[in-house]
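Here's a quick briefing to read alongside the model. Have the sequence and the 3D view open as you go.

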Amino acid sequence: MSASVEPVRRCVARICATLVLVVAAAPACARVTPPPQSIDRAPSVVPDGPFAPVIRVVNDAIAAHRMPGAVVQIGHAGTVVFQQAFGWRKLPGEPGLDGSPSPGEPMTTDTIFDLASLTKPLSTTVAFLQLYDRGLVKVDEPVEEYLPEFNPTHDPRRAQVTLRMLLTHTSGTGGDLSRQGPWGLTAADKADGLHRALTSPLEFGPGEGFHYSDINFLILGALIEKITRAPLDTYVQDHVFAPLELADTRYLPATKACGPHEIRGTAVAFDPKAAKPSACPPGTWSTDVLARVAPTAHDDDTPGINPDF
């Protein structure tokens with residue numbers, strides 16, 4: 001987790017949404033010292049008990065400024081045997097929900113983190129494999145068989161790209177959509193994003209090597225939406241997170257935010273001046289959760305265009 005230097009906390013939603021995860025609160029298994037008065041030192045945890053080596057590793061990483069804080073949970077035989085919050089959730093002096101510099105917030109075990117690219121294995125891949133189990137997709141079929149717009153000109157190289165290649169980052173596509181110019185900075189634009197993904201040029205031959213690519217999984221997300229006839233965030237919520245009883249794990253699409261907020265570019269920001277609804281309707285998410293979200297990293301994408309730079 002990186003420290004945020006943005007004026008507000010945010011949850012980015014550029015194509016479908018941002019996925020966040022919270023670890024349920026439980027009694028800590030180590031003694032915590034009171035938060036120090038100096039803003040230069042994070043709250044520390046006294047190494048104690050069988051997990052003292054783990055505590056030292058995390059304490060050392062925070063002291064070396066490799067991260068402001070963390071939550072560690074260890075399970076064994078179906079039981080949580082260790083859970084501990086470390087360091088800061090929000091660094092002292094960083095903007096609070098109202099956008100003004102505020103005191104630091106110690107990390108808590110119910111802090112919510114942006115999972116970012118972990119959505120690839122935890123949601124998109126799981127959803128895809130569910131379709132595979134149902135016989136709705138075959139991993140070695142060409143992408144164009146499912147999404148003809150991936151190869152409208154019948155390019156023989158693009159015709160070789162299979163679903164397996166998308167899953168294993170061996171398709172030959174570039175890293176991300178920004179390689180085709182600035183995108184999704186001033187406003188969310190799913191349609192243009194999917195068009196860019198499906199028409200992204202191949203940078204090397206299919207199957208020739210590994211090259212990590214967001215584009216691969218944007219294409220897989222489009223395939224899942226086409227087959228299920230549901231937005232990816234809705235399908236994953238209903239068929240992955242809900243069955244696993246992951247109550248605090250979900251996508252946070254900006255269009256489904258409920259509560260005092262404003263949209264800044266592609267970010268959801270708390271707005272203390274906005275009216276608070278009496279209740280949030282089904283299918284939405286409450287902006288009350290923003291108070292528990294760890295600030296995301298500074299967005300260095302395209303200064304001068306990006307309102308969240």
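Residues are numbered from 1 along each chain as its sequence is written, and side-chain values use heavy atoms, leaving out hydrogens and water.

**The α2/α7 packing**
- α2 (residues 119-133) and α7 (residues 232-241) cross at about 75 degrees with axes 10 Å apart; helices (H or I, at least four residues) and strands (E, at least two) are DSSP runs, numbered from the N terminus.
- Axes are lines fitted to C-alpha atoms, for helices over the stretch in contact, with angles from 0 to 180 degrees between N-to-C directions.
- From α2, L122, V126 and L131 are among the residues that meet α7, whose side includes Y235, V236 and F241; contact means heavy atoms within 4.5 Å.
- The residues of this contact split into nine nonpolar, four polar and no charged (Ala, Val, Leu, Ile, Met, Phe, Trp, Tyr, Cys and Pro are nonpolar, Asp, Glu, Lys and Arg charged, and the others, Gly among them, polar).

**The three-stranded sheet**
- An open sheet runs β3-β4-β5 with antiparallel pairing; two strands pair if DSSP finds at least two bridges between them.
- β3 (69-76) and β5 (105-106) are the edges, each with a single partner strand, so one side of each has no neighbour in the sheet.
- β4 (residues 79-90) joins β5 over two bridges, and W88 stands opposite P106 in β5.
- Helix α1 (residues 52-63) lies across β3 and β4, at about 15 degrees to β4.

**Hairpin and disulfide**
- β9 (residues 261-264) pairs antiparallel with β10 over four bridges, with I263 partnered by V268 in β10.
- Two residues separate β9 and β10 in this hairpin, and G265 in the turn has a positive phi of about 65 degrees.
- The structure holds one disulfide (a pair of cysteine sulfur atoms within 2.5 Å), joining C258 to C280 with S to S at 2.2 Å.
- C258 is in β8 (residues 257-258) and C280 in the loop between β10 (267-270) and β11 (285-286), so the pair ties together parts 22 residues apart in sequence.
- The S-S torsion of C258 and C280 is about -95 degrees, so the disulfide is left-handed.

**Confidence**
- The chain averages a pLDDT of 83, and 80% of the residues score at least 70; pLDDT is the predictor's confidence in each residue, from 0 to 100.
- Over residues 1-39, pLDDT stays under 50.
- Where pLDDT is low, the predicted coordinates should not be read in detail.
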